[in-house]
Every structure is written in C-alpha cells, then in structure tokens.
Amino acid sequence: MNFLAHSFLTFNDGQIVGQFLEDFIRNKDRYSFPKDIQDGITLHRAIDTFTDSHPAIHEAKKVFSPLVRLYSGAFVDVSMDYFLARDLSINSLQGWKKHSQKVYRVLNENEQFLSDNFKRMLVKMEHDDWLYNYREDWGVKFSIQNVLNKAKYLDKDIPVFQAFLDNKDILQKCYDNFFPDLLAHAKAENAILQLQK
C-alpha cells in the first residue's frame with residue numbers, strides 16, 4: 001500500500017510502471033515486460049525485503065500489532081507514505097505535486113501493461129490524487145480504511161486510524177530512522193540493475 005514510496009524510489013519511467021505492477025502480476029509473468037519495467041519489479045521486491053527487516057519498521061509495527069496483528073505491516077506502509085509526503089527535506093510541496101502528476105501520466109501512457117483491476121484503481125487514484133494527498137490526515141484515514149475493507153480477517157471498524165493519530169510522534173521517529181537507509185538501499189540496488197544492462 002505504500003504507493004508513494006515505491007513511485008518515488010524509481011530512476012526512470014519504466015521503473016515507475018514496474019513498481020506498481022509488482023502487486024498485480026504473477027511471478028512468472030515478470031519477464032514478459034521490457035527491461036526497465038522488469039527492473040521496477042525487481043526494485044519493488046528489494047524495497048519490500050529491506051523494509052521488512054529494518055529495526056525502525058519493527059518498532060512501528062508495535063503501534064498497530066495489538067489491533068491488527070499480522071496486518072500491521074500494511075498500516076505501517078501507509079503511515080510511512082504520510083511522513084514521506086510531508087518530508088520537505090526530500091521534495092518541496094510543489095515537487096510532490098509534480099511527482100504525483102508525473103506518475104499518473106507515466107502509468108496512463110503505459111496502460112497496455114496494466115491489468116484491468118489496476119486500471120480501475122488508477123482512475124480513482126488519479127481522480128482523488130492519492131499520492132499527493134497522503135500528506136493529509138484524511139488521506140491516510142482513507143488509505144487505512146481501504147486496507148481494512150480489503151483485509152479478509154479484520155473487522156472494518158478497528159480503530160487503526162486513531163492508533164495512527166495517537167502515535168504520530170513514535171511513527172515519525174521510525175520514519176526518520178528508516179527512510180534515509182531505504183533511499184540509500186534503493187540507489188545501490190538501482191546501480192546494480194544498471195550494470196546488468
């Protein structure tokens with residue numbers, strides 16, 4: 001669910017497409033795409049693996065795990081996008097807006113690679129500008145509710161958003177300790193991918 005982070009940690013347009021495709025394709029289909037899109041898929045997986053093993057993410061999961069147990073990672077992902085969207089040391093407000101618009105443009109230009117269910121989601125994502133609006137409390141609330149609605153084994157009324165609000169300071173520290181490491185890791189992974197061309 002951390003669409004903003006995955007879209008930001010890209011180094012060309014094809015990687016943007018691949019980062020989004022990863023959650024919507026079967027593993028065996030990844031090699032049917034152009035190399036840059038394959039690289040985006042590979043980068044997405046490297047980011048997820050690094051994220052899951054980072055100590056700051058383990059700390060952040062403690063905020064949500066009493067409420068949602070094994071689903072805590074999904075809500076941490078949403079939370080990290082909130083803090084990333086508000087991180088003006090990485091990008092200006094105008095820069096985040098331009099980034100969001102670029103991502104929607106690139107995805108629409110590559111719709112031949114997108115599944116039907118992703119295309120339907122993209123219409124909503126662009127209409128409500130999910131990527132830019134992660135910076136708003138209501139944007140995070142919407143994303144959290146979206147995860148709850150899709151989760152098979154979770155009650156839809158669990159107060160996850162309230163837990164987010166109550167623990168913003170803790171989650172902010174987790175983001176501060178995590179994202180610079182993730183950014184460095186993504187750059188290193190991309191360098192390896194470029195050597196393979």
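This is a predicted model: local features need pLDDT of at least 70, side-chain atom pairs count only at pLDDT 80 or more; totals for chains, interfaces and linings use all residues.

Q: Which residues of α7 are buried, and what arc do they cover around the axis?

A: The general idea is that an α-helix has 3.6 residues a turn, so residues three or four places apart point the same way. In the present case the buried residues of α7 are F118, M121, L122 and M125, and because they cover an arc of only 110° around the axis, they lie on the same side of α7. The face turned away from that buried side carries D116, R120, V123, K124 and H127, which are exposed.

Q: Which elements do the buried residues of α7 pack against?

A: They pack against α1 (3-8), α2, α6 (93-109) and α8 (130-133).

Q: Is Q15 buried or exposed?

A: A residue is called buried when its relative accessible area is under 20%, and Q15, at 0%, is therefore buried. Q15 belongs to helix α2 (residues 13-21), and, once neighbours within four places in sequence are left aside, its contacts are T10, D36, D39, G40, L43, N190 and Q194.

Q: How much space lies in the largest pocket, and which residues are closest to its centre?

A: The largest pocket holds about 220 Å³ of space. Its lining consists of 14 residues, of which N2, D48, D52, G73 and D77 are the closest to the centre. The elements that give two or more residues to this lining are α3 (35-53), α4 (55-68) and α5 (72-85), and by class the lining has four nonpolar, five polar and five charged residues.

Q: How many cavities of 30 Å³ or more are there, and what lines the largest cavity?

A: The count comes to two cavities of 30 Å³ or more, and the largest cavity has a volume of about 60 Å³. The largest cavity is lined by N2, A5, T51, D77, M80, L84, F178, F179 and L182, with α5 and α11 (168-195) each supplying at least two residues. By class, the lining of the largest cavity divides into six nonpolar, two polar and one charged.

Note on methods
Residues are numbered from 1 along each chain as its sequence is written. Side-chain values use heavy atoms; hydrogens and water are left out. On a 1 Å grid over the protein atoms alone, a cavity is a set of points where a 1.4 Å probe fits but cannot get out, and a pocket is an open set with protein on both sides within 12 Å along at least five of seven lines; lining residues have an atom within 4 Å of a point. Grid points are joined across faces, edges and corners, and a volume is the space filled by probe spheres set on the points. Helices (H or I, at least four residues) and strands (E, at least two) are DSSP runs, numbered from the N terminus. Ala, Val, Leu, Ile, Met, Phe, Trp, Tyr, Cys and Pro count as nonpolar, Asp, Glu, Lys and Arg as charged, and the others, Gly among them, as polar. Buried means under 20% relative accessible area, exposed over 50%, partly exposed in between (1.4 Å probe, protein chains only). Contact means heavy atoms within 4.5 Å. The arc is that of the directions from the helix axis to the C-beta atoms.
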